[in-house]
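Hi,

Here is the structure I promised to pass on to you. Have a look at it first, then read my notes below.

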Amino acid sequence: MKYFGIALLASLCLLSACKEEKKTKDIITQKPIIVKKQGPQALESTDNTDAVQWLGKTYTVEIHRRADKEMPLTRDESGAEYYDNRIQVKVIRPDGTEFFSREYTKQSFREYLNESTLKDGALLAVVFNEVKDDRLVLAASVGSPDAMSDDYVPFIISISRMGDVHIEKDNHPDEIPDAEQNAQQDTEDEEDGV
C-alpha cells in the first residue's frame with residue numbers, strides 16, 4: 001500500500017507537470033487579413049468665389065464642385081472607381097441678384113470627348129479665368145479622376161453679357177491669357193533694359 005501511494009503521488013506529479021507544460025507553450029498565429037473592397041472615391045468638394053470687374057461693375061463668380069452619386073461611376077487608368085462631379089456656376093450682380101446659374105456635368109462637353117473619356121472620365125474642374133472683351137471666360141477640364149494623372153481635355157466656357165454660353169475645346173491650354181502676357185512682356189522688357 002505504501003508503494004501504491006508513492007506510485008499514485010508520482011503519477012499525479014507527472015500529470016500536473018504535463019498539464020503545466022502545455023499551459024506555458026504559446027502558439028502564435030496571425031489573424032487573417034480581411035481585405036474589404038474599397039468603395040468609389042470622390043474628388044474633394046470645392047467652393048470658389050471670385051470678385052470680377054465686368055461691364056464697369058463688380059460681379060461675383062461662384063463655382064461649386066460636388067461628387068454626384070447618382071451619375072454612372074468613372075474609372076482611372078488602374079480601374080479604381082470614382083464618383084463623377086457636378087459643378088454649379090453662378091454669376092451674381094452687384095446688387096446681389098442672380099445674373100447666371102447653370103450646372104455642368106461631363107455630358108455638357110460630350111461633343112468634344114472621345115468614347116473612352118466620355119465613359120470613364122470625370123468633370124474635373126471649372127474655374128474663372130479672365131474677362132475678355134465683354135465676356136466672362138472660364139476654364140474647364142474633363143479627364144482621368146486620378147489626381148496624379150495629367151490625362152484631361154481642356155475647355156473654354158464663355159458667358160456673354162446677355163447670359164449666352166459658348167463652349168469650345170481649348171486648343172492652346174498652355175498659352176498665357178492676354179493680361180498676364182502683357183504683364184510678363186513688360187517685365188521682360190524691363191529686364192532687357194528696353
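Let's start with a pair of strands: β7 (122–132) and β8 (135–143) run antiparallel and are joined over nine bridges. Strands here are DSSP runs of E with at least two residues, helices are runs of H or I with at least four, and both are numbered from the N terminus. Two strands count as paired if DSSP finds at least two bridges between them.

Before you go further, this is a predicted model, so local features need pLDDT of at least 70 and side-chain atom pairs count only at pLDDT 80 or more, while totals for chains, interfaces and linings use all residues. Residues are numbered from 1 along each chain as its sequence is written, and side-chain values use heavy atoms, with hydrogens and water left out.

Back to β7 and β8. Leu123 sits opposite Val142 in β8. The hairpin has two residues between the strands, and Asp133 takes a positive phi near 60° there. On to the next pairing: β8 and β9 are antiparallel too, over eight bridges, and Val142 has Val153 in β9 as its bridge partner. β8 is mostly covered, with seven of its nine residues buried (under 20% relative accessible area; exposed is over 50%, partly exposed in between, with a 1.4 Å probe and protein chains only).

There is also an open sheet of four strands in the order β1-β2-β5-β6, with antiparallel pairing. Its edge strands, β1 (46–54) and β6 (98–104), each pair on one side only. β5 (residues 84–92) and β6 share six bridges, and Gln88 has Glu103 in β6 as its bridge partner.

Which residues touch the most other members of the largest nonpolar core? They are Val91, Tyr104, Phe109, Val126, Phe155 and Ile157, out of 24 residues. (A nonpolar core is a set of buried Ala, Val, Leu, Ile, Met, Phe, Trp, Tyr and Cys residues joined through side-chain atoms within 4.5 Å.) The strands that each supply at least two residues of this core include β1, β5, β7 and β9.

Take Val126 as an example. Leaving aside neighbours within four places in sequence, Val126 is in contact (heavy atoms within 4.5 Å) with Ile63, Ile87, Val89, Leu138, Ala139, Ala140 and Ile157.

Enjoy exploring!
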